[in-house]
Amino acid sequence: MKQTLMKFPSSLAVVLFILSTLWLSTTSNPILKNFLKCLPQQTHSNYSISEAIYTRQNATFESVLLSYIRNGRYLTPTTPKPLAIVTAKHESHVQATVICAKRHGLQIRIRSGGHDYEGLSYVSHIPFVILDMFHLRAIHVDVADESAWVESGAIVGELYYEIAKNSKVHGFSAAAGPTVGVGGHFSGGGYGVMMRKYGLTVDNIEDAKLVNVNGTVLDRKSMGEDLFWAIRGGGGASFGVILSWKIKLLPLPAKVTVFNIGRTLEQGATDVLYRWQHVAPKLPKEIFIRAMPQVLNTSLGNKTVEVSFIGFFLGQSDELLSLINRSLPELGLQKTDCYEMSWVESTVFWANYPVGTSIDVLLERPKGPTDNFKGKSDYVKEPIPKQDIEFILKELLKIENLWMQWNPYGGRMSEISESETPFPHRAGNLFMIQYYMSWEEEGIEATNKYLALSRKFYKIMTPFVSKRPREAFQNYRDLDIGANLDNQTIFNIARVYGSKYFEGNFERLVHVKTEVDPQNFFKHEQSIPPLAQYHLV
């Protein structure tokens with residue numbers, strides 16, 4: 001599996017970023033002073049909040065801010081910085097932050113793992129504070145009940161590790177990337193390699209704890225079924241602060257099988273990919289095969305497109321070989337391509353580590369940004385003709401810095417109603433595409449160049465994807481499809497991105513938002529607005 005190397009920004013960029021955070025003195029801002037004074041007054045006396053607060057006067061402020069910025073595109077001197085960061089260590093710290101920010105007119109941005117593709121968990125263009133959840137990462141597994149409670153600040157790698165420590169025959173259907181934060185990933189409808197068998201994260205959540213706009217801690221019973229529905233796929237940050245989730249542990253065999261086969265254009269990648277789209281969504285639920293086209297530098301110094309077919313099977317290799325070679329013989333899967341391992345070991349494989357890597361890597365939390373990137377998404381409902389697949393791959397070769405992931409649907413995904421959760425992309429979808437444009441160059445000219453290339457390729461894909469609306473996946477956030485900027489809430493804009501992410505569920509989300517947060521305290525550029533905040537222009 002070709003790995004995408006993560007590049008840290010140059011030391012100069014980091015220095016400029018740090019200096020830009022220090023220009024405004026904390027003591028010169030009366031709103032911030034009142035907010036800071038309010039926090040200890042609203043915090044449980046047994047859990048001091050003072051050591052959880054970082055302002056621009058703290059020597060470690062910039063390092064705390066930097067630690068959970070995942071997109072280098074938002075590591076610039078001109079990127080707006082928070083007035084303060086509250087690294088909550090107890091639920092009362094979360095309650096206090098909500099109450100005091102609301103009382104003193106500050107916006108909060110809620111950061112779990114920092115993987116929001118557009119940086120909305122740590123960037124705002126009005127005065128704001130960051131509520132950092134990374135200390136709230138406790139995980140309690142109950143094998144007898146086949147459930148677990150996991151706090152929002154945990155990463156999925158930690159969840160996988162803890163489940164495996166307690167059971168060899170249970171797992172959970174969530175992200176392939178182990179550093180993704182549980183809070184945002186779950187609430188946006190996160191998916192993984194078991195979605196064809198068990199559905200999404202939101203399809204396997206039994207309870208949740210949330211701090212609402214009044215600073216009250218609610219569980220499923222006290223929040224009611226409408227709000228519980230909304231936060232399972234509608235994005236928790238529009239409705240409150242998710243403290244923790246209760247998930248259903250999923251039964252697994254002791255051994256699973258994985259593989260990764262690459263096919264270049266010269267090796268017939270077009271033919272295999274064409275056949276893949278007909279077969280992958282119809283395979284048994286236990287099989288998931290991702291197709292990943294990307295540009296490859298050959299040993300001869302030329303460039304080509306290689307499509308990696310990365311597979312997961314809830315079973316052993318002999319059965320997998322029989323199924324694949326009967327359904328997709330073009331792939332040419334061999335026994336030597338297959339690796340049998342435990343489920344938790346397979347999560348390491350899917351995180352791009354070599355076979356045999358210790359599962360301890362699941363506990364690693366990278367500090368600081370990875371690369372500069374722009375993400376987009378699409379849904380495909382009809383097979384793409386072979387000549388058009390050839391065209392797409394040749395266009396990809398021209399752009400180079402962009403890769404795609406084609407993720408098959410079908411199976412359990414087609415059985416769940418589109419209104420069961422806010423996540424509507426169910427039956428009728430063959431596969432979902434993620435586009436990921438990354439670059440190393442720094443500066444606004446480079447950023448504009450690669451953003452333009454990303455949009456160009458997205459436009460090229462228009463004839464082959466869903467229409468009216470052109471659907472999108474919320475966890476691959478894309479402000480290009482519509483955004484409420486400048487702290488406004490405009491109905492027509494909200495409906496545009498809302499229909500793409502949620503389709504017919506958008507109106508119900510608006511209703512829930514109106515009931516639980518009518519003054520629109522929990523907001524960002526793509527949040528769900530309440531009816532009272534709608535403006536037509």
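1. S48 lies in the loop that runs between α2 (30-41) and β1 (53-55); helices (H or I, at least four residues) and strands (E, at least two) are DSSP runs, numbered from the N terminus. The model is predicted: local features need pLDDT of at least 70 and side-chain atom pairs pLDDT 80 or more, while totals for chains, interfaces and linings use all residues. Residues are numbered from 1 along each chain as its sequence is written, and side-chain values use heavy atoms, leaving out hydrogens and water.

2. S48 counts as exposed because its relative accessibility is 51% (exposed is over 50%, buried under 20%, partly exposed in between, with a 1.4 Å probe and protein chains only). The side chains of S48 and S50 are joined by a polar contact of 3.0 Å (a pair of N or O atoms within 3.5 Å, one able to donate a hydrogen and the other to accept it). S48 and H90 are 42 residues apart in sequence, with their C-alpha atoms 9.1 Å apart.

3. The axes of α5 (residues 156-166) and α12 (residues 343-350) come within 9 Å and cross at roughly 160°. The two helices are therefore roughly antiparallel (an angle over 145 degrees, on a scale from 0 to 180). On the α5 side, Y160, I163 and A164 meet W343, V344 and T347 of α12, with contact meaning heavy atoms within 4.5 Å. Five residues of this contact are nonpolar, one is polar and none is charged.

4. Helix α11 (residues 317-327) has S317, L320, L321, L323 and I324 buried. Among the elements covering these buried residues are β12 (256-264), β13 (287-297), β14 (303-313) and β15 (338-341).

Methods. Angles under 35 degrees count as roughly parallel, over 145 as roughly antiparallel, 65 to 115 as roughly perpendicular and the rest as oblique. Ala, Val, Leu, Ile, Met, Phe, Trp, Tyr, Cys and Pro count as nonpolar, Asp, Glu, Lys and Arg as charged, and the others, Gly among them, as polar.
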